[in-house]
Amino acid sequence: MSRAFRHPGLWSRRSKRLALLTFAVVAFISALAQLPGWSLADLRAFDYLSTIDTPSPPADSPIIVAIDEPSLAEINAQWPWPRELHARLIESLRKAGAAAIGLDIIFAEPSNPASDAALAKALGPDVVLAGDESMIVTPQADQLLRTTPLPAFTEAGAVTGIASIALGGDGVFRDLPHYADGFAMSLARVAGRKAVSPDGLLQSFGPSRSYPTVSYYQALDPENMLPKDTFKGRVVIVGLSLQNAPAINSGGADAFATSYTVHTGRLVPGAEIQATIFDNLTAGAAIRQAGTPLAIAAIALAALLSALFVRRATRWETAALSLFATLLIGFLSFMLVREANLFISPVGPTLALLFVAIGQTAFDYAEERRQRREIVRAFSQYLSPALVERLARDPSQLKLGGERRTLSILFCDVRGFTTIAEALKDDPEQLTTLINRLLTPLSDIVLKHGGTIDKYIGDCLMAFWNAPLDDGEHARHAVAAALDMLDAMATLNAELRAEAESAGTPYHRLRIGIGINTGDCVVGNMGSSQRFDYSVLGDAVNLASRLEGASKTYGVPLLLGERTAELADEHFAVLELDRITVKGRTAAAPVFTAVRSLPDAAKATHARFIADKYAGRLTADDATFDALAEASPVLAPYYETIRAAQFAGGA
């Protein structure tokens with residue numbers, strides 16, 4: 001918006017409206033945030049924020065022994081592999097110094113007895129076997145089923161760890177499993193690592209294969225196939241990790257979407273997910289999600305920040321500030337995730353900030369449109385359409401209530417109107433038509449030259465220039481309008497004469513007198529609270545009115561005040577006529593008239609004529625009177641008036 005609303009009354013209304021808007025936005029966004037679908041937007045924001053800088057797994061993170069394509073090819077056995085093979089792997093890893101071994105494979109059903117016996121023999125308290133827990137929902141009841149390894153395996157000392165994970169509504173794994181005997185939690189206990197409570201959102205450490213990974217067949221013979229001490233003191237997780245696991249849109253074997261999937265579109269193997277859970281629990285990397293009170297507080301703070309931006313006005317800067325604040329909210333949310341392991345969703349605060357800014361902008365736009373309509377309605381009767389449009393586009397150019405400005409004021413009155421009114425006393429409709437035909441072209445000329453029509457006083461028109469819009473050439477425009485008004489009178493009188501002759505009715509010739517003065521005035525809306533006019537007050541106005549009345553004394557249709565003459569002299573032939581003392585003023589002031597052009601010689605002769613007049617050197621038979629009347633016929637009545645005054649002994 002282009003305008004700052006600073007009027008005290010409007011400011012008060014604006015403050016109340018802004019406060020109500022802010023409260024409504026906070027309440028609306030806070031309520032909306034409780035809907036199930038909203039949480040998906042929050043969690044997607046978490047996906048991006050928690051993976052912006054791609055944190056790496058801790059240095060002592062688990063090593064993945066991958067059941068991958070090379071292993072399937074090398075071992076060349078149908079899956080599931082014989083369990084004595086897993087027994088060999090456990091013994092090999094234990095011999096290589098592994099601190100704990102987790103098999104993300106469920107051995108819930110017996111296989112070949114010899115194979116089962118071989119695996120049981122290899123198991124011990126340093127091994128965690130995966131279990132599963134699932135909810136079976138039927139119309140009759142909900143049944144929780146837990147699948148655990150064969151009793152022979154647990155009796156051999158192996159620890160059971162529930163490897164089940166719960167996916168979000170969008171199929172993405174983010175919430176840490178809450179099992180006290182979860183796979184990663186059990187593995188941490190076996191490894192002697194301290195683990196935090198399994199509560200919060202999962203911090204991802206990159207796409208698949210972000211963890212150190214070796215193939216299953218390599219782990220069977222680490223001395224020959226792997227660097228020395230690869231497994232020494234490390235936690236090892238064994239599980240499926242197929243390189244050709246399908247992408248997210250086609251699913252995969254023991255592979256799931258994580259927060260990092262938003263960047264790659266690919267799933268992460270279950271073994272790596274268990275390793276990620278392990279690091280979240282042991283390294284304290286899990287991220288707490290803000291509760292409802294804190295989330296609402298963040299929304300309220302963002303809304304208040306936006307209200308502060310638009311408290312005084314909404315301009316183009318509002319969009320820039322809103323964009324900056326939006327980026328700031330995202331940055332602060334990211335910093336809380338990274339530095340405080342706390343996730344406060346930026347979605348609610350961002351929407352609250354934008355809703356307040358957009359809502360107040362809409363209010364301001366409506367207010368500006370309303371004000372524009374009021375300005376157009378109020379000034380269309382005073383100003384030209386072009387000026388009304390300029391004022392409506394930029395209302396700041398209008399200072400309501402009154403201000404001091406230098407104006408050029410014009411009064412125009414009909415000479416002998418009383419006589420015409422008396423002649424038409426029996427035909428008031430014709431009199432009304434006549435005065436309207438007179439004032440219409442005169443008003444059009446004022447508006448054409450950028451003037452403001454103050455009022456009509458019967459047959460008198462009052463106008464001024466340089467308000468409400470600035471006009472650096474106000475005196476020139478006022479004089480140009482006056483000369484055009486005089487030309488319009490000649491055209492109108494010709495039309496009236498032709499109409500009278502055609503109708504056989506009396507012809508009433510119209511003559512006008514114009515006075516223009518320039519000076520300091522007070523201009524603004526004046527009147528009462530119920531009705532007011534945009535008008536001017538000041539001594540300069542009174543002098544303009546006196547000049548209009550005095551014009552008939554000098555036989556000229558146009559009289560100018562001294563300051564108007566000075567400002568218009570460059571554009572017209574301005575001639576001094578006399579020094580007079582008008583009614584209501586004590587000091588004599590020079591008065592002038594103006595014509596469009598006059599030869600320099602005639603102007604010089606007139607200047608000598610005025611000097612002789614002031615010096616009392618003029619005589620009634622002075623040839624200068626005739627020479628000047630011939631050079632400027634429009635001023636001939638003036639020269640005759642002065643000659644008559646000299647003949648009578650006046651000056």
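This is a predicted model: local features need pLDDT of at least 70, side-chain atom pairs count only at pLDDT 80 or more; totals for chains, interfaces and linings use all residues.

**Exercise 1. Find out how far apart in sequence the parts tied together by Asp-170 and Arg-44 are.**

Step 1: Check the contact. The closest N and O atoms of Asp-170 and Arg-44 are 3.6 Å apart, and the cut-off is 4 Å, so the pair forms a salt bridge.

Step 2: Asp-170 sits in the loop between strand S5 (159–162) and helix H7 (183–190), while Arg-44 belongs to helix H2 (residues 36–49), so the pair ties together parts that are 126 residues apart in sequence.

Step 3: Look at the surroundings. Asp-170 is partly exposed at 29% relative accessibility, and Arg-44 is partly exposed at 33%.

**Exercise 2. Decide whether Asp-47 is buried or exposed, and do likewise for its partner Arg-174.**

Step 1: Start with the pair. Asp-47 and Arg-174 form a salt bridge, with 2.7 Å between the closest N and O atoms. Asp-47 lies in helix H2 and Arg-174 in the loop between S5 and H7, which puts them 127 residues apart.

Step 2: Apply the cut-off. Buried means under 20% relative accessible area. Asp-47 has 0%, so Asp-47 is buried. Arg-174 has 2%, so Arg-174 is buried too.

**Exercise 3. Work out what separates Glu-640 from Arg-643 in helix H23.**

Step 1: Note the salt bridge. The closest N and O atoms of Glu-640 and Arg-643 are 3.7 Å apart.

Step 2: Count along the helix. The two are 3 residues apart in helix H23 (residues 636–647), which means about one helical turn separates them.

Step 3: Glu-640 is partly exposed at 40%, whereas Arg-643 is buried at 17%.

Step 4: Zoom out. Salt bridges with shared partners join Arg-44, Asp-47, Asp-170 and Arg-174 into one network. The total count is 26 salt bridges.

**Exercise 4. Explain why strand S1 is largely enclosed by the rest of the structure.**

Step 1: Check burial. In strand S1 (residues 63–67), 5 of the 5 residues are buried, so S1 is largely enclosed.

Step 2: Sort the directions. Ile-63, Val-65 and Ile-67 point one way, Ile-64 and Ala-66 point the other way, and all are buried.

Step 3: Look for neighbours. S1 runs parallel to strand S7 (residues 235–240), joined by 5 bridges, with Ile-67 opposite Leu-240. S1 also pairs in the parallel sense with strand S6 (residues 213–215) over 3 bridges, where Thr-213 is the bridge partner of Ile-64.

Terms used
Residues are numbered from 1 along each chain as its sequence is written. Side-chain values use heavy atoms; hydrogens and water are left out. A salt bridge is a side-chain nitrogen of Lys or Arg within 4 Å of a carboxyl oxygen of Asp or Glu. Helices (H or I, at least four residues) and strands (E, at least two) are DSSP runs, numbered from the N terminus. Buried means under 20% relative accessible area, exposed over 50%, partly exposed in between (1.4 Å probe, protein chains only). Two strands pair if DSSP finds at least two bridges between them.
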